[in-house]
Amino acid sequence: MRHKAHARTPAPGIALAAPRVSPFAPPEPPEPRSAHPRVLRAQAMGFCFGVRDALAIARAVPRPQDVTIHGQLVHNESITAELHRRGFASVDEADRDASPTSDAVLITAHGISNAQRRRLEAAGKTLIDTTCPLVRRAHDAATRLASGGPRNSGGRHVLVIGRRGHVEVLGLTGDLPSFDVVESPRDVRNYPHQRLGVVCQTTSADRDVELILAAIRAANPQADIAFVDTVCQPTRDRQEAIERLLDEVTVLVVVGGKASNNTRRLADRAAERGRPAHHIQGPADLDAAWFHPADVVGLTAGTSTPDDVIDAVELALNRLLESR
Ligand code: SF4
């Protein structure tokens, strides 16, 4: 049994000495551990408002059979299957340059370039635009840097921190006359330009952006560099939430589609912090062998994971842990 120390109030101006601990005192008993592993949810996870709004717009389309989704609305198999059941057609993200045969085209939250938008309109397509406003903000920032802005102070060569070939990055760079995509500090070089502009894919990790920006500055001391931070707040909230969660848990369960980049990154971040992580798509993927009695299990999900899937995983996880 532990004895509580009685609080003492020192006289003004007198500091209390630290209590002395006898080297012969018995060791403190360990903190009691719960009989079962516990589950802690990340404070921010799952759908961001951009994906949620895009999905709400799609679900409200009166005649889905006349509409082609321009890529994948959400990187989640169950949502994609639901949209196909409703009658939507879709083109692969890699085929977005081809013009769909339907009369209407639904632009996903990742957005498209203005050039591509004009091509679709010229082909007579009606556009249902669900581009996230924060993607649009990043797009506007990139084109402003490239054009020299309202004061026309001279265009910049634009560096986009992000993943090469990602649909959002393709949309961001599609209108830029001069750009490079930078995935890591290793990609950075000395660019033969006096004026550089830097923006980020909205879902970039803050720590990656900091490292890459420092590498750009170090490799280009001659350049006037303008940086516009276009990482979106929902991404930032999820990054902060996973760091706090990893402080408290011993193992992590990450819920999301296998093709979801941000879901994979959550699992990767756990590995970087030395926590085992299990990337699952739904409750059926859980395995009791992953957990030990003393574990504190963290639960998080990518931005394309619906709330009902997260809730179903939490329920199954609690049942599985309690039955052990
Ligand atoms: S991740 Fe950010 S930018 Fe992308 S859709 Fe969600 S809120 Fe918008």
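Which elements are included in what covers the buried residues of helix 7? I shall come to that after a word on confidence.

Colleagues, this is a predicted model. The average pLDDT of the chain is 87, and 87% of the residues score at least 70. Residues 1–33 have a pLDDT below 50, and in the model this stretch makes five contacts beyond near neighbours in sequence.

Let us turn to helix 7, residues 233–248. Helix 7 is made of 16 residues and spans 23 Å from its first C-alpha to its last, close to the 22 Å expected at 1.5 Å a residue. Its buried residues are Pro234, Thr235, Arg238, Gln239, Ile242, Leu245 and Leu246. These lie on the same side of helix 7, because they cover an arc of only 140° around the axis. On the other side, Gln233, Asp247 and Glu248 are exposed.

That brings me back to the opening question. The cover over the buried residues of helix 7 includes strand 1 (38–41), helix 1, helix 6 (206–219), helix 8 (261–272) and strand 12 (296–301).

Finally, the ligand. There are 14 residues around the ligand, and those that come nearest are Cys48, Gly50, Cys132, Thr202 and Cys232. Two or more residues of this shell come from each of helix 1 (49–59), helix 4 (133–147) and helix 7. Helix 1 gives the most, with three residues.

Conventions: Residues are numbered from 1 along each chain as its sequence is written. This is a predicted model: local features need pLDDT of at least 70, side-chain atom pairs count only at pLDDT 80 or more; totals for chains, interfaces and linings use all residues. A residue is near a molecule or strand if its C-beta atom, placed from the backbone, lies within 6 Å of it. Helices (H or I, at least four residues) and strands (E, at least two) are DSSP runs, numbered from the N terminus. pLDDT is the predictor's confidence in each residue, from 0 to 100. Two residues are in contact if their C-beta atoms, placed from the backbone, lie within 7 Å. The expected span of a helix is 1.5 Å times one less than its number of residues. A residue is buried if 20 or more other C-beta atoms lie within 10 Å of its own, exposed if 12 or fewer, and partly exposed in between; C-beta atoms are placed from the backbone. The arc is that of the directions from the helix axis to the C-beta atoms.
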